[in-house]
Amino acid sequence: MAQEQTQFRKIIHVDMDAFYASVEQRDNPDLRGKPVAVGGSRQRGVVAAASYEARTYGVRSAMASSIAIRKCPDLLFVKPRFEVYKAVSAQIRTVFAQYTDLIEPLSLDEAYLDVTASLPDGCTATQLAQTIKEQIKARTQLTASAGVSYNKFLAKLASDYRKPDGLFVIKPHQGLAFVEKLLVGQFHGIGRVTADKMNQLGIFTGMDLRARSELFLNEHFGKAGAYFYSIARAIDQRPVTPNRERKSVGAETTFEQDLTDYAAIADQLSPLVIRVWAYCERTGMVGRTVTLKVKYADFQQITRSRTMLTAVTNLSQLQQLSMDLLSGIQDLTKGVRLVGISLSSFQTIQALPSGQLMLDL
């Protein structure tokens with residue numbers, strides 16, 4: 001058993017607490033203790049990040065600003081300052097680099113660290129995670145939450161478990177029991193639509209998911225079935241990959257009933273566009289290529305793309321391009337079961353004083 005234990009990796013997932021909003025509250029004392037949203041306050045704006053005070057009202061990232069204001073009439077909107085967030089993120093990465101070269105950033109505010117081979121003498125991964133949290137606080141005056149475990153899936157779950165300013169550990173002998181008690185909607189990699197589909201199949205918890213065969217999951221969830229089969233068993237073989245570069249961002253939804261009406265499909269497409277743009281605002285990335293994905297009732301799948309000469313730099317433009325692509329689909333009579341939208345050909349952006357976005361070339 002001791003020999004097997006040495007084979008477990010030591011992974012730390014660090015996630016800054018309400019990062020953009022916390023930076024704004026740090027830099028502007030008038031915002032402290034108040035509900036704050038980073039993003040556009042206009043009718044077609046979107047929340048990129050929300051303070052914990054705003055979250056108590058149900059405000060969250062990727063929410064349309066109009067909905068956020070209805071939930072929290074006193075919500076204070078702040079325009080994003082990507083150059084500041086990038087500078088703070090660089091400070092945080094400097095802390096990480098003191099302890100390992102195996103750093104996989106997911107965005108400006110979170111990263112995986114593999115410290116298996118780089119732990120200081122006499123130091124555990126849990127102790128190192130605490131040290132990293134303390135150093136981040138000292139350098140940035142911001143809090144981070146950390147999760148420690150033997151794979152990336154569990155480390156990510158652990159960092160979410162005691163936010164904000166939390167530290168939680170899932171040891172090898174605890175992984176299976178921890179996963180089986182969770183609702184599938186709490187699993188990283190299972191979104192609302194997939195969770196709803198699982199619920200319809202009688203899968204509500206990790207234990208329910210583990211009871212299903214890999215064949216069953218492949219039949220109902222395609223290529224993702226193998227991943228779901230593994231994480232239900234607390235297994236995740238993905239390595240921490242430095243210099244991870246994301247090529248695209250997308251969102252899709254499967255309808256409960258096949259749709260044949262353009263307006264009905266457009267209604268379903270609009271929130272997906274908001275989710276994609278929220279990623280852009282959260283990460284400071286924009287793209288030139290918009291791709292629409294349509295899957296028909298007979299499972300035939302088509303895609304339509306449009307590449308712009310310059311990057312898409314606001315939500316309204318992304319919505320218009322998405323709807324233009326949808327209107328170009330000729331035949332809806334056989335029914336559409338899934339629609340998705342994605343953005344690729346990424347470039348970095350920064351915020352202008354006007355609140356618009358500018359390419360950082």
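What follows is a short tour by topic. Keep in mind that this is a predicted model. The chain is split into three stretches: domain 1 (18–81), domain 2 (172–239) and domain 3 (248–346). Between the C-alpha centres of domain 1 and domain 2 there are 32 Å.

**Aromatic rings**

- The model has 13 aromatic pairs. One of them joins Phe221 and Phe228, with ring centres 5.6 Å apart and planes at 80 degrees, so it goes down as edge-to-face, the class for angles over 60 degrees.
- Phe221 and Phe228 are both buried.
- Phe228 also pairs with Tyr227, this time in a tilted arrangement: the centres are 6.1 Å apart and the planes make an angle of 55 degrees.
- Are Tyr227 and Phe228 buried or partly exposed? Tyr227 is partly exposed at 23% relative accessible area, while Phe228 is buried because its 3% is under the 20% cut-off.
- Elsewhere, Phe19, Tyr20, Phe82 and Tyr85 are linked into a cluster through ring pairs.

**Charges over rings**

- Phe221 turns up again here: the charged end of Lys197 sits over its ring, 5.0 Å from the centre.
- Arg212 does likewise with Phe216, its charged end sitting over that ring at 4.8 Å from the centre.

**Two helices with a buried side**

- Helix α5 covers residues 82–97, which is 16 residues. At 1.5 Å a residue it should span 22 Å, and the 22 Å between its end C-alpha atoms agrees with that.
- The buried residues of α5 are Phe82, Val84, Tyr85, Val88, Ser89, Ile92, Val95 and Phe96. Looking down the axis of α5, they fall within an arc of 155 degrees, so they line one face of the helix.
- Two of those names, Phe82 and Tyr85, also belong to the ring cluster with Phe19 and Tyr20.
- Helix α6 (residues 125–140) has 16 residues too, and reaches 22 Å from its first C-alpha to its last, close to the 22 Å expected at 1.5 Å a residue.
- Which residues of α6 are buried? They are Ala125, Leu128, Ala129, Ile132, Lys133, Ile136 and Thr140. Their arc around the axis is only 145 degrees, which puts them on the same side of α6.

**The largest nonpolar core**

- This core has 38 residues, and Leu292 and Leu343 are the ones with the most contacts inside it.
- Each of β9 (248–259), α13 (262–283), β10 (285–296), α14 (315–327) and β12 (336–351) supplies at least two residues of the core.
- Which element gives the largest share of this core? That is α13, with 11 residues.
- In general, nonpolar side chains tend to be buried together in soluble globular proteins.

- Val249 is in strand β9 and is buried, at 5% relative accessible area.
- Val249 and Ser342 are 93 residues apart in sequence, yet their C-alpha atoms are 5.5 Å apart in space.
- For Lys163 and Ser270, the sequence separation is 107 residues and the C-alpha to C-alpha distance is 30 Å.

- For context, most residues other than glycine have a negative phi, and most peptide bonds are trans.
- Lys163 and Pro164 are joined by a cis peptide bond, with omega about -5 degrees.
- Pro164 sits in the loop between α7 (152–161) and β8 (167–169), and Lys163 is found in the loop between α7 and β8 as well. Lys163 is partly exposed, with a relative accessible area of 26%.
- Ala234 has a positive phi, near 60 degrees, despite not being a glycine. You'll find Ala234 in the loop between α12 (224–231) and β9, and it is buried at 3% relative accessible area.
- Ser345 is another residue other than glycine with a positive phi, in this case near 55 degrees. Ser345 lies in strand β12 and counts as partly exposed, at 29% relative accessibility.

Technical notes
Residues are numbered from 1 along each chain as its sequence is written. This is a predicted model: local features need pLDDT of at least 70, side-chain atom pairs count only at pLDDT 80 or more; totals for chains, interfaces and linings use all residues. Side-chain values use heavy atoms; hydrogens and water are left out. Rings of Phe, Tyr and Trp (its six-membered ring) pair if their centres lie within 6.5 Å; planes under 30 degrees apart count as stacked, over 60 as edge-to-face and the rest as tilted. Buried means under 20% relative accessible area, exposed over 50%, partly exposed in between (1.4 Å probe, protein chains only). A charge sits over a ring if NZ of Lys or CZ of Arg is within 6 Å of the ring centre and within 35 degrees of the ring normal. Domain bounds come from an automatic or database domain assignment. Helices (H or I, at least four residues) and strands (E, at least two) are DSSP runs, numbered from the N terminus. The expected span of a helix is 1.5 Å times one less than its number of residues. The arc is that of the directions from the helix axis to the C-beta atoms. A nonpolar core is a set of buried Ala, Val, Leu, Ile, Met, Phe, Trp, Tyr and Cys residues joined through side-chain atoms within 4.5 Å.
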